[in-house]
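Look at the sequence and the model side by side. Then read the notes below and find each residue as it comes up.

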Amino acid sequence: MTAQSGLVIANFGQTLLVEAGDGTSRPCVARKSIGQAVCGDRVLWQAGRGGAHGAVIAIETRHSLLARTDARGKSRPLCANIDQLIMVTSPVINHSLIDHYLVTAELLGLGMVLVVNKMDLADETRTMKLRDEMAGYRAMGYELRLVSARTQRGLPELDALLKDRTSVFVGESGVGKSSLLQALLPDHEIRVGALSEASGKGRHTTTSTLLFHLPHGGDIIDSPGVREFRLWNIRAAELAQGFREFRSFLDDCRFRDCVHDGEPDCAVNHACEQGKISRQRLESYRAILHGLPAEKYD
Ligand code: GDP
Ligand code: ZN
């Protein structure tokens, strides 16, 4: 049987739902030898005979991968070929959380959009303070959108950033990720039901990951695991690379293995004293550094 190319639009445990070039999709299982295929993977697959599941026979090279380390230290892929993270927050922002997500995006080579949701709850004073707090991120080149899933404010501007890219929404629980997905994907609930049915599992289980096509182009991949995704497996030596504005100073520290935590003649510290790096970002950096497990320092 001839192999066709397709896109994995859902994974439910071992079962994958593969979308063919004609837009139809069917359940498949992956050949053991090819490793784990996940949502967002471009694959080669063959149809099954009769009503049987199809077979995924190859996974195309991925340009990015979100993976989680399980309790046994094994890396488990969550989804593939993501272009950007959309970090959702409420109008009361937590710099250290934003910085952690920025490091995640930078070290994985992904774009990052900062979305402040629930702007309907922010009065003028809060909005002005927020713009002030976010000015540094904008100056570093990160996109910022102030939106409200409730009033739909800012949603077309957010939609424009999602067009023709594959995105995942990340951020703390309760900030409005589900509400935003529902606002951006008019048939969201119907799609979740249809995909779950196609998987034979009957409903959207917590372990499944789904890919949605946006009406104006672009895809969103979503699952509970993807929403909470953060990079924990960072080495001390590479952490500073995740702080975009530190990079041009990193070669000028006296010690080649400087971790910018109070060493003498540290160029990052010097840049901070000169106002070229914000104190808040250096503090975030150090907080993440101190939170890394000891073996990451070698
Ligand atoms: P998630 O956990 O990030 O998926 O957050 P949800 O989408 O479940 O939203 C959490 C709560 O915030 C729900 O009660 C929503 O109705 C509410 N919410 C979401 N977006 C908005 C918004 O733009 N404005 C207001 N006022 N409430 C919102
Ligand atoms: Zn240094």
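This report covers two ligand sites and two single residues.

## About the model

This is a predicted model: local features need pLDDT of at least 70, side-chain atom pairs count only at pLDDT 80 or more, and totals for chains, interfaces and linings use all residues. Residues are numbered from 1 along each chain as its sequence is written, chains are lettered from A and ligands numbered from 1 in the order in which they are written, and side-chain values use heavy atoms, with hydrogens and water left out.

## Around ligand 1

Ligand 1 is surrounded by 16 residues. A residue counts as near if one of its heavy atoms lies within 4 Å. The closest are Asp120, Gly174, Lys177, Ser178 and Ser179. By type, the shell holds three nonpolar, seven polar and six charged residues. Here Ala, Val, Leu, Ile, Met, Phe, Trp, Tyr, Cys and Pro count as nonpolar, Asp, Glu, Lys and Arg as charged, and the others, Gly among them, as polar. Helix 4 (residues 177-184) gives the most to this shell, with three residues. Helices (H or I, at least four residues) and strands (E, at least two) are DSSP runs, numbered from the N terminus.

Which backbone has a polar atom 2.8 Å from an oxygen atom of ligand 1? That of Lys177. Side chains take part too: an N or O atom of Lys118 is 3.0 Å from a ligand oxygen, and one of Ser148 is 3.2 Å from a ligand oxygen. Taken alone, ligand 1 exposes 580 Å², and the protein buries 73% of that. Such areas come from the Shrake-Rupley method with a 1.4 Å probe.

## The zinc site

Ligand 2 is a zinc ion, coordinated by Cys253 (SG), Cys258 (SG), His260 (ND1) and Cys266 (SG) at 2.1 to 2.4 Å. Donors are N, O and S atoms within 2.8 Å of the metal (3.2 Å for Na, K and Ca). Their residues follow the spacing C-x4-C-x1-H-x5-C. Both His260 and Cys266 are buried; buried means under 20% relative accessible area, exposed over 50% (1.4 Å probe, protein chains only).

Why is the arrangement tetrahedral? Because the four donor atoms subtend angles of 102 to 115°. Four donors count as tetrahedral if all angles lie between 85 and 135 degrees.

## Two single residues

Thr209 is found in strand 12 (residues 209-213). Thr209 is buried, with a relative accessible area of 3%. Its side chain makes a polar contact (a pair of N or O atoms within 3.5 Å, one able to donate a hydrogen and the other to accept it) with the side chain of Ser223, at 3.3 Å.

Gly13 sits in the loop between strand 1 (4-12) and strand 2 (15-20). Gly13 is exposed, at 51%.

Key
Tetrahedral: all angles 85-135°; square planar, octahedral: opposite > 155°, others 65-115°.
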